[in-house]
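Hi everyone, thanks for coming.

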Amino acid sequence: MPDCLFCKIIAGDIPASLLYEDERLVVLADINPQAPTHVLIIPRRHIATLNDLGPGDDALVGEMTRRAAAVVREHGLDSRGYRTVFNCNADAGQTVFHIHMHVLAGRRLAWPPG
Ligand code: 5GP
Ligand code: ZN
């Protein structure tokens with residue numbers, strides 16, 4: 001998608017250091033971290049919002065979730081705990097319309113969220 005920030009990063013048009021990549025996913029450190037560990041699990045394929053997922057994407061979302069757990073485990077924070085978040089559309093504050101799972105760890109996280 002030409003005007004998509006994450007598509008540009010994935011294509012290498014905007015430089016970024018990837019923490020992990022495979023055929024379907026990339027992992028980036030969030031540029032504006034909200035916790036000591038704040039990474040984004042991003043599918044290579046452009047999907048604008050959670051509302052655009054189809055039944056064929058179930059495995060992809062499963063891989064994103066398992067990658068989140070793996071990243072937190074690599075940071076040694078899995079037993080302390082962490083939060084995964086997908087923001088969808090305006091009320092949730094989605095700003096980049098290419099789905100991504102936020103993974104937040106390394107501090108006590110408030111509930112309910114703001
Ligand atoms: P959203 O608000 O759509 O759920 O999350 C978008 C996230 O992308 C935000 O947490 C924001 O800090 C992050 N972000 C925006 N631009 C960039 C960028 O150029 N590089 C990286 N690594 N993260 C970005
Ligand atoms: Zn995109």
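I'll go through the metal site, then a helix, and then some backbone details. Please keep in mind that this is a predicted model.

Let's begin with the metal. Which residues hold the zinc ion (ligand 2)? Its protein donors are Cys4 through SG, Cys7 through SG, His46 through ND1 and His98 through ND1. These atoms lie 2.0 to 2.3 Å from the zinc ion. Along the chain, the donors follow the spacing C-x2-C-x38-H-x51-H. The site is tetrahedral, with angles of 106 to 117 degrees among the 4 donor atoms. For reference, the ideal angle for four tetrahedral donors is 109.5 degrees. Both Cys4 and Cys7 are buried.

Next, helix α2, which covers residues 58–74.

Which residues of α2 are buried? They are Leu60, Met64, Arg67, Ala68, Ala69, Ala70, Val71 and Val72. The cover over these buried residues includes strands β1 (18–21), β2 (25–29), β3 (37–43), β4 (82–85) and β5 (101–105).

Met64, in helix α2, has 0% relative accessibility, so Met64 counts as buried. Leaving aside residues up to four places away in sequence, Met64 touches Leu25, Ile41, Pro43, Phe86, Ile99, His100 and Met101. The other one is Arg67: its charged end sits over the ring of Tyr20, 3.7 Å from the ring centre. As for aromatic pairs, a search of the whole structure finds 0.

Now for the backbone. Most residues other than glycine have a negative phi, and most peptide bonds are trans. Where do we find something else? After α2 comes Gly76, with a positive phi near 70 degrees. Asn89 is not a glycine, yet Asn89 has a positive phi of about 65 degrees. Asn89 belongs to helix α3 (residues 89–92) and is partly exposed, at 31% relative accessible area. Finally, the peptide bond joining Trp111 and Pro112 is cis, with omega about 5 degrees, and Pro112 is found in the segment after β5.

That's my tour, and I'm happy to go back to any of these spots on the screen.

How values were computed. Residues are numbered from 1 along each chain as its sequence is written. Chains are lettered from A and ligands numbered from 1 in the order in which they are written. This is a predicted model: local features need pLDDT of at least 70, side-chain atom pairs count only at pLDDT 80 or more; totals for chains, interfaces and linings use all residues. Side-chain values use heavy atoms; hydrogens and water are left out. Helices (H or I, at least four residues) and strands (E, at least two) are DSSP runs, numbered from the N terminus. The expected span of a helix is 1.5 Å times one less than its number of residues. Buried means under 20% relative accessible area, exposed over 50%, partly exposed in between (1.4 Å probe, protein chains only). Contact means heavy atoms within 4.5 Å. Donors are N, O and S atoms within 2.8 Å of the metal (3.2 Å for Na, K and Ca); water is not among the atoms, so sites may look incomplete. Four donors count as tetrahedral if all angles lie between 85 and 135 degrees; four count as square planar and six as octahedral if opposite donors are over 155 degrees apart and all others between 65 and 115; anything else is irregular. Rings of Phe, Tyr and Trp (its six-membered ring) pair if their centres lie within 6.5 Å; planes under 30 degrees apart count as stacked, over 60 as edge-to-face and the rest as tilted. A charge sits over a ring if NZ of Lys or CZ of Arg is within 6 Å of the ring centre and within 35 degrees of the ring normal.
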